[in-house]
Amino acid sequence: MELMNWIDFHLPALVVVIPLVAGILTVFCGKRSGPWAWSCLVHGFVFAMTIRLNQLVQNLKLLPVEDGSTLSVPTHISYFMGSWPRQWGIELRVDALNAIILLIVAGIAFLTTVYSGKSVQQEIGSDRRNWFYTVWTLTIVGLLGITITGDAFNVYVLLEISSLTIYTLIAMGKSRDRRALTASLKYLILGSVGASFILLGIGYLLMITGTLNMADMGESLRALENPTENRTLLVAVAFLLVGLSLKMALFPLHMWLPNAYTYAPSAVSALLSATATKVGVYMAFRFIYTIIGPVFSFETVSSSELLLLCATLGILVCSYNAMTQDNVKRILAYSSVAQIGYIVLGFALHTQMGVAGSIVHIINHALIKGGMFMALGAVVYRVGAARLTDLSGLGRIMPWTMGAFTAGGLSLIGFPLTAGFISKWYLVQACLEAGRWYLVVALLVGSIFAIVYVWRVVEIIYFGQPNDNACKAKEAPWTMVLPTIIMIGLSLYFGITAEWTGGMSEATAQFLLTEFEGGMQP
Amino acid sequence: MASYFSSYYNYWVYIALMMIGFYGIIAKRNLVKQAIALSLFQAGIFLFYISMAVVVEDGKIADAPIYTVDKELTHELQEAEHDHHLIVKSDQAFSNPLPHVLILTAIVVSVSILAVALAIIVNIKREYGTIEEDEIQQIEMNEAP
Amino acid sequence: MIESGNPSLSLMTPLVGAAGIVLCGRLPNLREAVTLVTAALLFYFTMGLMPAALSGEAVRVELFEMVPGMPIVFQVEGLGMIYALIASGLWILNSLYSIGYMRGNQEKHQTRFYLCFAVAIFGAMGTAFAGNLFTLFVFYEVLTLSTFPLVTHKGNQNAIQGGRVYLGILASASIGLLFPALVWVHHAVGHVDFVLGGILSDAGLPNWSLALLFFLCVYGIAKAALMPLHRWLPAAMVAPTPVSALLHAVAVVKAGVFSVTKVSVYIFGYGTLGEFGGGDWLVYMAGFTIVTASFIALFQDNLKKRLAYSTVSQLSYILLAVGLWVTLGPDSEVGQFALIAAAVHIPAHAFGKITLFFAAGSIYTADHKTEVSQLKGIGRRMPWTMGAFAVGALAMIGAPPTSGFISKWFLLTGAWEAGSGFAITIIMISTLLNAAYFLPVLWQAFFCKEPEHHDDASSHGSHDHGEAPWPIVVALTGTALLAISLFFYPDWAVELARTLIQSQS
């Protein structure tokens, strides 16, 4: 009991520290399957911790605290690293928003780690397998850290930790295709520029507020007199928006993404598509909604229109691009950019329905795209590549994998009873609420493009003739199939009943819009 | 107008550095030059943070932020204070230490990025035999999708 | 025990059947027995809902909420009852027919075929008993997706092409048009429940948005095959004939017109539809489709394609009737005729068209003939088949003693009283055209001499064939008898249709 309380108290720190230490220890796990087994254990444990953390955040509602004369309900858990007070030390802060993101990142990290075993064995040389898993775990540490931290500069440092490791992971795809190297370098340069912009934005916020603690930052920004006249704040918002857009691959700053996803090792594609860009969106929520406040970011700077335009164009252009690709991984990569468009659309609408739709789609798309990339990884494992011709006729040879892929595809289109439908239900409703007709049209045209690019693949899967490699193939090993099916199965489950995802997203949206200044419409 | 430029000259330098770096990233086709440009770009940002830390009081730029321990100074330190004016009194203004600390971290990050970039470039040179972006693109064009 | 009027059993039966079919996949006889038993049970359970539908005291079954605040709801009412009855009843005969057809033609992947069929019926039942637009949309899409593997069953280039058009049009229309309409209604009203008299009347939407909304609904439900979104239906004819018969003459297309009718009656309601002239517009569009599709049918040599275009035209009869009803209004005595015509034409056309398709499949199974021009003299070899074909053709034309006469009678009465010269002209032209493309087939079959052997070297069929396998003959005779029986006993359908009107006024 004593121990449980101790763990509960230190949980926010443990979520980051345990994988950090364990990740470095991975180096000593030998060259065979040791690193994989160890990583599975670690990420399973981290996932369990995030579940507990979610419980704790949920339980906050039940514990009203007496605050002066009024009873108030705490909305977040704070943890001070090394017990330093918040002005000097680093605060870890878990609230309704990042509790979900933590859960998604840790959950998907666990599933992809389990999945990665066989695939990594094939794609990464045995001499560097332990290093691969070290870097892999550090990526996840970075992503978890960005999500949980309450300190703006810490966000930058952890962002660079995750980015640097991601560049490395992508470059490790070179044993399968050397273009992984150029893709990685391109991402490195663009990603570093993006991160530097974020650093600049944080710097300007520091200049205005004199603090790096996000909560304090938000408070002193809200206390600003005449914020609309404040040009420093304007510059900060501009830098942050551009940097974040680069990091989350918002059209037209998405150029790094298609190649990176295509040539990365299969397991890395799955991990990145499901978590990295999502954490980028989370950062945008954190900075725009809880620190700067949506009213200033959207109305004063009128970035709302710009973001909506980028999102809409992203949906249309990238869905169109996805229709014309021959490499299925690249189809999914372009589709990812389009889906980021959907997420940003809800984000920029700045209404409760829109924000809820955005959060729902973060969850749903992480499951869908992660699962689909996993299915493709299984194809690469068995057939050797993931071009359209490689998938030909696989429907009979790898029924489970391809079934999962097809179900994921239907979800991308937004058929009812799939998770994609729920996202679209929210987003279309949000667009209608906001009275923006053209956005509804763009959303639906994007869906119709999705029918085309998904169906091109599905037709080939089920009606094509298998090529020579495919004829020799068989169903992927269960360590790959099972995580794939769990991901896609969950996406279907959340499509059939979105009570949990939808309810939670709506609550979070309400929290974001009322807890912070954004609730007051100008 | 002149004072507008001169009094903020360090900010102008930061912007100039950043833009030179940015130009290099976009315009240079040699991968190593791009990596160097990226470093320059980030160096500009460091300068920005350092400039931000400066505190000006009574027209004088404040001293370096070094913590004073007024009461229990050892003999040697007292001498040092006396001789070299190293330690300032706490009621005196000193520049903001926070950005300095931050930028130390950022420098480490920047160096790591440069290291990873160079490592990848070395690998590219091995695989493609060149580090000119145009030539690499030519080679990739001829490869299967 | 489940209370009367609860459609849960009807919904669960096909799903349980589907599971049974998969489990018995290795044993064809058992698998097909499971299909037949499921079909029979489904019909039995559906019949049990009849009293509730007639009395209008059906229970509202609310399942889980799919999205917070948006539950899946089922409720039995007259219109859905008609649709559910014919879909489940004809499934029995169709299963019998499928057994003969699939075995006779040695089709592959038969387990997948029966499985998808059961799921499609599940979709149809869900559509029939949907208690709100949301549920209707969900099951509508279940129907679309589950029929895709059936359409592309053969797996050859033709089938892929057909499947592409099929899914492309149906899915694009429903997601691109019907889905925003659904969200829009929800946004405007706050719920999407089916309420007699419509829910949009109090929403305060301006006329232009109502018109746009109606347009989105009518074209979004592309299964109703209103031109120009009819192309999927001829394309779907690459499917094995049992699929064309039950799904593309009954379940899928009727899901379309049923949904349009349901949306018109329960979402828009007369008052709202009348305000912006939605009725007139529907009458014109349907009239155009009826005549154009009939014309196209005239020139189709492929028998199934001809039937498909005939279906396109016949479906628009129902839309025409709905349009007339809106123009007339619910208070007028005659307005009721139009609505009854719409409701009664659903089974009337279903019985006739399924017979025709059964006959076409029977010819294909016995002799591998698919073109109208190959049918010379076949009536003497296959008297049962062509006899049934004659009954079906008469039903399409609307001649007594077949089912088509009843609905056409109601329709003409409605059109006459409405003084709609346009509608009357359309019905007359169309009847002539129907005769023009069906009677030559019969003429060739019964009165022309069979060509000699060397005349049709291309046709690989032999001339020593007789009737198709017995399950096929039984099935098509059964549906032909149903088509005739509806002429003598139309009361059940009319009574069910009347429940719409009684509670309306």
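Ser407(C) is located in helix α16 of chain C, which spans residues 403-418, where helices are DSSP runs of H or I with at least four residues and strands are runs of E with at least two, numbered from the N terminus. The model is predicted, so that local features need pLDDT of at least 70 and side-chain atom pairs count only at pLDDT 80 or more, while totals for chains, interfaces and linings use all residues. Residues are numbered from 1 along each chain as its sequence is written, chains are lettered from A and ligands numbered from 1 in the order in which they are written, and side-chain values use heavy atoms, with hydrogens and water left out.

Ser407(C) counts as buried because its relative accessibility is 2%, the term buried meaning under 20% relative accessible area, with exposed over 50% and partly exposed in between (1.4 Å probe, protein chains only). A polar atom of the Ser407(C) side chain lies 3.2 Å from the backbone oxygen of Gly404(C). When residues up to four places away in sequence are not counted, Ser407(C) touches Ala341(C), Val344(C), His345(C) and Ala348(C), contact meaning heavy atoms within 4.5 Å.

Elsewhere in chain C, strand β1 (residues 60-67) runs antiparallel to β2(C), to which five bridges join it; two strands pair if DSSP finds at least two bridges between them. The two strands form a hairpin with two residues between them, and Gly69(C) in the turn has a positive phi of about 85°. Within this pairing, Val73(C) of β2(C) stands opposite Glu62(C). Strand β2 (residues 70-75) of chain C is mostly covered, five of its six residues being buried.

Chain B contains six helices and two strands, which follow the pattern α-α-α-β-β-α-α-α along the sequence. Of its 145 residues, 32% count as buried. Among contacts in chain B between residues at least 6 apart in sequence, 63% join residues at least 24 apart.

Notes. Polar contact = N/O pair within 3.5 Å; in protein donor to acceptor, adjacent residues only side chain to side chain.
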